Amino acid sequence: MAEHRSAVDIAAPPGAVFAYLVTADGLTAWMGQHAVLDPRPGGEFTADIAGSPIRGEFLEVDEPHRVVVSWGVAGSADLPPGASTVTFTLTPIATGTRVEVHHTDLPEPRVAGHRAGWAHFLPRLALAAAGQDPGQDHWRPLTPGQ
C-alpha cells in the first residue's frame, strides 16, 4: 500500500480551519457536494466528492489540532469504505495554520488520482477557511473513484 503527503498554509487560526474538517457546511465549502459528518471517534464520515461516494468514520478528533478519518469508496473493490486513512494535522504558524494531510493505505493505482485530488482541494480549503469563496467546483478525478 502507498501513501500521499501534502500541506497548505491558511491565513486563519486553527480553530477556524478545524470547523472546515468536521462540519458538513464547512467540508462542502471546499470539497464535495454533500456530507454527513458525526465528528467523534466511531462517528460517520460520508461525503460525495467529485462523483465519488466517500465512506468511512472519524477515528480521532482532537480540536483544533488533529482529525483522523477512515476513507474509501462505496462499491469499490480495491478501496472499499474505510480502507485507507486520512490524517489532518493543524499547526499554528505566524500567518495562521499549516494543514498537513497524510493519506495512507492507498492501493498504488489510486495514488496519482488522490495526489491530484488533494492538490486541487487543499487550495480550496485555504480560500474557504480564510473567508474567501473558492467558487463552484467542477474538478473530476483522472479515473472515477480515485
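A polar contact, for this talk, is a pair of N or O atoms within 3.5 Å, where one must be able to donate a hydrogen and the other to accept it.

The model on screen is predicted. Start with the fold. The protein chain has three helices and seven strands. Read from the N terminus, the order is β-α-α-β-β-β-β-β-β-α.

Next, dimensions. The C-alpha atoms fill a box of roughly 40 × 30 × 25 Å along the principal axes. The radius of gyration is 14 Å. For 146 residues, a compact globule would come out near 15 Å, so the chain agrees with that expectation.

Now packing. Of the 146 residues, 47% count as buried. Take the contacts with a separation of 6 or more: 46% of them link residues 24 or more positions apart. The accessible surface is about 6,600 Å², and carbon and sulfur atoms hold 53% of that.

Charges, briefly. There are 9 positive and 16 negative ones. Their mean positions lie 4 Å apart.

Let me finish on one residue, His 102. Where does His 102 sit? In strand S7, which spans residues 96–106. Is His 102 buried or exposed? Buried: its relative accessibility is 19%, and the cut-off is under 20%.

What surrounds His 102? Beyond its neighbours within four places in sequence, His 102 touches Glu 3, His 4 and Arg 5, along with Thr 85, Val 86 and Thr 87. Arg 5 brings us back to the opening definition. The side chains of His 102 and Arg 5 are joined by a polar contact of 3.4 Å.

Note on methods:
Residues are numbered from 1 along each chain as its sequence is written. This is a predicted model: local features need pLDDT of at least 70, side-chain atom pairs count only at pLDDT 80 or more; totals for chains, interfaces and linings use all residues. Side-chain values use heavy atoms; hydrogens and water are left out. Helices (H or I, at least four residues) and strands (E, at least two) are DSSP runs, numbered from the N terminus. The radius of gyration is taken over C-alpha atoms; the globule rule is 2.2 Å times the number of residues to the power 0.38. Buried means under 20% relative accessible area, exposed over 50%, partly exposed in between (1.4 Å probe, protein chains only). Contact means heavy atoms within 4.5 Å. Accessible areas come from the Shrake-Rupley method with a 1.4 Å probe; for residues, only the protein chains shown count as cover. Lys and Arg count as positive and Asp and Glu as negative; His and the chain ends are not counted. The place of a charge is taken as NZ of Lys, CZ of Arg, CG of Asp or CD of Glu.
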